[in-house]
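Let's take a walk through this model together, from charged pairs to rings to strands. Keep the viewer open and follow along as each residue comes up.

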Amino acid sequence: MRGALFCRACYLLMLLVGIVACRERGQRVILPPAVTLRPGDVVFRSGRGMASYMVVAADRGGRYSHVGMAVDSCGVVMIAHAVPDELDFKGDVDRVKLDTPERFFSSERAIVGEVCRPQDSVRAARAAEVAWQAYRRRVLFDHGYDDSDTTRMYCSELVVYALGRAGYDLSALRRQEVNVPGVHACCILPSGVHSLPFLVSVAEF
């Protein structure tokens with residue numbers, strides 16, 4: 001009970017900080033208020049930064065540069081995602097992190113977004129738990145983009161790993177060769193996740 005109250009207090013503090021920061025910077029949240037996230041939902045976004053443009057340019061047929069998964073954090077829906085260059089505090093490292101939906105979809109980070117829901121809510125909840133545990137283990141971001149090694153993960157790898165561990169069929173998953181400054185790998189890009197046949201779009205914005 002005490003742990004749940006602590007988690008709830010942490011969430012409320014993070015939400016308050018996020019709202020204040022957004023107001024101070026003139027930001028808004030692009031996630032429509034009517035959209036209610038569920039654990040296991042796969043969330044996509046694309047922003048204005050150079051890194052975002054590079055991913056979209058490299059991702060043939062893709063619209064998004066980043067992907068995460070909604071998880072249940074002590075009864076509160078948060079978003080787990082593996083991301084570089086979004087440090088929470090001095091001395092922080094690139095890793096799997098947890099953000100409120102408002103922070104994940106703030107206009108500072110996103111200009112477009114989408115929520116996709118896996119069919120089979122039981123498996124979706126299992127996938128969310130796997131992603132949550134990756135956050136709890138503080139799994140580092142994989143700058144080598146090697147999804148054969150799950151000791152470090154990049155964004156698409158985290159989501160696919162969680163879905164696979166939950167029992168979803170990933171035989172349709174496609175990888176792409178990426179050759180951009182700093183990245184030369186055959187990896188899973190957001191469009192590869194988006195095209196998985198058991199994901200159903202519930203909101204595009």
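**Charged pairs**

Glu86 and Arg109 join their side chains in a salt bridge, with N and O 3.0 Å apart; the term stands for a side-chain nitrogen of Lys or Arg within 4 Å of a carboxyl oxygen of Asp or Glu. This pair ties together distant parts of the chain, 23 residues apart: Glu86 belongs to the loop between β3 (76-83) and β4 (95-99), and Arg109 to the loop between α3 (101-104) and β5 (112-118). Helices (H or I, at least four residues) and strands (E, at least two) are DSSP runs, numbered from the N terminus.

Before going further, a word on what you are looking at: this is a predicted model, where local features need pLDDT of at least 70 and side-chain atom pairs count only at pLDDT 80 or more, while totals for chains, interfaces and linings use all residues. Residues are numbered from 1 along each chain as its sequence is written, and side-chain values use heavy atoms, with hydrogens and water left out.

Are Glu86 and Arg109 buried or exposed? Both are buried, a label for residues under 20% relative accessible area, with exposed meaning over 50% and partly exposed in between (1.4 Å probe, protein chains only). For Arg109 the relative accessible area is 15%. Arg109 also forms a salt bridge with Glu108, where the closest N and O atoms are 3.7 Å apart. Glu108 is partly exposed, at a relative accessible area of 43%. Elsewhere, salt bridges with shared partners connect Asp88, Asp92, Arg95, Lys97, Asp99 and Arg103 in one network. Within it you can pick out Asp92 and Arg95, whose closest N and O atoms are 2.8 Å apart; these two residues are both buried. In total, the structure holds 13 salt bridges.

**Rings and their neighbours**

Now for the aromatic side chains. Rings of Phe, Tyr and Trp (its six-membered ring) pair if their centres lie within 6.5 Å; planes under 30 degrees apart count as stacked, over 60 as edge-to-face and the rest as tilted. The count by this rule is seven aromatic pairs. One of them is Phe44 with Tyr64: the ring centres are 5.5 Å apart and the planes at 35°, so this pair is tilted. Phe44 sits in strand β1 (residues 42-46) and Tyr64 in the loop between α2 (50-58) and β2 (66-73), so the pair links distant parts of the chain, 20 residues apart. Phe44 is buried with a relative accessible area of 0%, and Tyr64 is buried at 4%.

Trp132 and Tyr135 make another tilted pair, with centres 5.5 Å apart and planes at 35°. What separates Trp132 and Tyr135 along helix α4? They are three residues apart in α4 (residues 121-136), which means about one helical turn. Trp132 counts as buried at 10% relative accessibility, whereas Tyr135 is partly exposed at 25%.

Phe104, Phe105 and Phe205 form one aromatic cluster. Arg45 lies over the face of Phe104, 4.4 Å from the ring centre; a charge sits over a ring if NZ of Lys or CZ of Arg is within 6 Å of the ring centre and within 35 degrees of the ring normal. The charged end of Arg123 is likewise placed over the ring of Tyr168, 5.9 Å from its centre.

**A buried helix and a hairpin**

Why is helix α5 (residues 155-165) described as largely enclosed by the rest of the structure? Because nine of its eleven residues are buried, among them Cys155, Leu158, Val160 and Tyr161. After α5 comes Gly167, with a positive phi near 100°.

Finally, turn to strands β8 (residues 176-180) and β9, which run antiparallel and are joined by five bridges; two strands pair if DSSP finds at least two bridges between them. They form a hairpin with two residues between them, and Gly182 in the turn has a positive phi of about 90°. Across the pairing, Glu177 stands opposite Cys186 in β9.
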